[in-house]
Amino acid sequence: MRSLERLQALLTRKKLLSGVARDGWDVAATSRVRCMLHFRLGRAKIEEYAEVSVLEGQLEELVIGRNSYAGHLIAGGVRGRLRIGSFCSLGTRVLLLCGDGYHRPARLSTFPFPFKAPFNDIPVTDLYPDSAFESSQIVLGHDVWVGNDVTILKGVTVGDGAIIAASSV
């Protein structure tokens with residue numbers, strides 16, 4: 001592999017590159033999203049001039065509308081989907097619990113085995129064959145303002161023009 005190809009492969013693993021072409025990803029050339037090294041992302045559609053300073057966690061699907069921006073977003077849960085409309089303003093340390101949880105008291109242990117080393121290489125279905133992590137999502141409409149230190153739980157839809165105050169749940 002040539003040096004340029006290795007560099008691009010490394011950068012693709014660490015963040016979404018502007019205009020990157022990857023199966024299931026559609027990222028506008030004018031957008032910028034920085035992902036943490038261990039961020040897991042299935043499908044992505046990021047429209048023009050969208051910007052996220054840091055994206056952490058895992059998502060099955062991510063959609064960010066044009067001209068939306070955010071500070072540090074943390075996506076939690078399994079099989080979660082996040083849809084952010086256009087012209088949204090999200091603060092820093094915004095926790096989005098998009099998917100199903102890991103700590104189920106009906107299991108042998110509440111420890112999240114498939115998400116912690118050394119068990120995180122084992123597929124979830126192998127560890128929890130009876131477990132059906134339900135897909136769920138958070139939807140933020142257009143022109144939504146979310147303050148710092150906000151937590152948004154799965155299944156929530158925030159309407160167009162809404163304002164969520166800092167430190168809200």
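## Ile 122

Ile 122 counts as partly exposed, at 33% relative accessibility. That label covers values between buried (under 20% relative accessible area) and exposed (over 50%), with a 1.4 Å probe and protein chains only. Ile 122 sits in the loop between strand S9 (94-97) and helix H2 (124-127). Apart from its neighbours within four places in sequence, Ile 122 is in contact (heavy atoms within 4.5 Å) with Pro 114 and Leu 127.

## Model and confidence

This is a predicted model: local features need pLDDT of at least 70, side-chain atom pairs count only at pLDDT 80 or more, and totals for chains, interfaces and linings use all residues. Residues are numbered from 1 along each chain as its sequence is written, and side-chain values use heavy atoms, with hydrogens and water left out.

The pLDDT is the predictor's confidence in each residue, from 0 to 100. The protein averages 81, and 78% of the residues score at least 70. Among the elements, helix H1 (residues 3-14) has the lowest mean pLDDT, 53. Strand S11 (residues 145-146) has the highest, 98.

## Overall build

The protein has two helices and 14 strands. These are DSSP runs, numbered from the N terminus: helices are H or I, at least four residues, and strands are E, at least two. Of its 169 residues, 38% count as buried.

## Cysteines

Cys 88 is buried, with a relative accessible area of 0%. Cys 98 is buried too, with a relative accessible area of 0%. The structure holds zero disulfides, a disulfide being a pair of cysteine sulfur atoms within 2.5 Å.
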